[in-house]
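Trainee: I am new to this structure. Please show it to me, and then let us work through some questions.

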Amino acid sequence: MGVMEFFSPGVIAVLGSCVLFLFFRWKNLRGPPCIQGWVPWIGAGFEFGKAPLEFIEKARIKYGPIFTIFAMGKRMTFVTEEEGINVFLKSKHVDFELAVQNPVYNTAWIPKNVFFSLHEKLYVLMKGKMGTFSTHQFTGQLSEAFHEQLEDLGARGTVDLNDFVRHLLYPATVNTLFKKGLFPTDERKIKEFYQHFKTYDEGFEYGSQLPEWLLRNWSKSKRWLLTLFEKNIDEIKAHKSVAGHSRTLVQAVLDVVETESRQHSPNYGLLMLWASLANAAPIAFWTLAFVLAHPEVHKTVLEAISSVFGTTGKDKIKVSDDDLKKLLLIKWCVLEAIRLRAPGIITRKVVKPIKILSHTVPPGDLLMVSPFWLHRNPKYFLEPDSFKPERWKEANLDKNAFLDGFMAFGGGKFQCPGRIGTGEGGHDLCLVRFTLYIRWFALLEIQICIILVLYKYDCSLLDPLPKQSCLHLVGVPQPEGRCRIEYKQRT
Ligand code: HEM
């Protein structure tokens, strides 16, 4: 038998398939270990979806510092240690806008072209806004807004702590960032707003990924909120600011949105509403819960508040910048609560192959970092599971620097401060600028809220400190189970 006869077309096809099979296996071997289940498209979706926050930590323990989860048609590659996180923050081959564009469309119907052309402009706006807003303006506005809500609470009561902070934070945030008086005051309308925002917020993660027809209630609440903005958008834009106050953040955002697309203003209104409430409210909850659950911290916090404002609890105090400086412990408590209840994931899209720890992550993957689990790495935080506000003594908060390994706002050690303002780094750089202003506002409003509540009321927990729910990865985790408090006006 001649050599040519041996290589008949059939044999060549078989050999070719073997080579291709080995080639793809070899290619795959260079990729991170992949958890992909057996069901096409769904992949590991069922197991992953049951408790995603726990799933990713178990995967890290089993597969090491980099691994991929294939679920619902998507490859998500998680990096959990320094080398991968550095790539996440600094590589030019990963992209924020591409990672969030689809979720932004699904949750707020902002089309791709509008989102891409506006995102950068909105960053520039934020950069400007940081200079325009004075801290003084916000501390006054927020103190006033919280007092209005506190007056409704009466002298004593027992409430669910989550409802309690929402009742304070939602109106104060909306009236400060959007337009004074926008938050409904009519009892029935308030109830309706809470119910629809709750449904929208709870379903946000599924809504960002799944077709809308699968989520009927969520879709109904999303439409209700969009209609609310459609009805109010002209009023928000036309609203004249109070003497001495500049235009609100959302008015400024809408001015920019209108340069590109008039009709999408309500959609941006909805997105800003979610962004401003979805993380800040649960963090106010967790801060109060942690403080009340730690008697020593609680006592020291009360002493600090009394030393600044006295003990009566009756005055309509206005928290000033100077007061906040004297109450640094409260800022540490907020930061420590954020550290322990940080968002489950932040994400970027890989646009060109990237090498991490001898693996090649292919384009198309979503690169993921979990601030929640990173904050439990003892390399960065001693006794990582303990609530220890005093660890924040080490941070240079005046210079906006947090502790090494802290990434709750998408920054931390790996966010090289030298990059701010150097013009290098594309979207990543812009994100840093954008969130700098936002994170400062978020911390400010939570601090003022906690100070006013603890000044006015003696509070105690009626239930044990709840665990975080493991059901979601996007944003700050919610509590699992109820957590009630009793409050009594201080005399
Ligand atoms: C403690 C409270 C908050 C936490 C933990 C938090 C966390 C985050 C995180 C992790 C991101 C994504 C960053 C990344 O991918 O690297 C983000 C983005 C964002 N946050 Fe917050 N946030 C908080 C409060 C707020 C507030 C009060 C606002 C008010 C408007 C806000 C508005 C935004 C916006 C608009 C973005 C998107 C930025 C962009 O498009 O580039 N956040 N936040």
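Mentor: First, a rule for classes: Ala, Val, Leu, Ile, Met, Phe, Trp, Tyr, Cys and Pro count as nonpolar, Asp, Glu, Lys and Arg as charged, and the others, Gly among them, as polar. This is a predicted model: local features need pLDDT of at least 70, side-chain atom pairs count only at pLDDT 80 or more, and totals for chains, interfaces and linings use all residues. Residues are numbered from 1 along each chain as its sequence is written.

Trainee: How many residues of the shell around the ligand are nonpolar?

Mentor: A residue is near a molecule if its C-beta atom, placed from the backbone, lies within 6 Å of it. The shell has no charged residues and four polar ones. The nonpolar count is 15.

Trainee: Which helix gives the most to that shell?

Mentor: Helices are DSSP runs (H or I, at least four residues), numbered from the N terminus. H14 (265-278), H15 (280-293) and H20 (426-456) each give two or more residues. The most, six residues, come from H20.

Trainee: Are H12 and H14 parallel or oblique to each other?

Mentor: Axes are lines fitted to C-alpha atoms over the stretch in contact, and angles run from 0 to 180 degrees between N-to-C directions. Angles under 35 degrees count as roughly parallel, over 145 as roughly antiparallel, 65 to 115 as roughly perpendicular and the rest as oblique. The axes of H12 (residues 216-238) and H14 cross at roughly 120°. H12 and H14 are therefore oblique.

Trainee: Which residue in E9 does Phe 78 stand opposite?

Mentor: Strands are DSSP runs (E, at least two residues). E3 (residues 74-79) and E9 (residues 366-369) run parallel, joined by three bridges. Opposite Phe 78 stands Met 368.

Definitions and conventions:
Two strands pair if DSSP finds at least two bridges between them.
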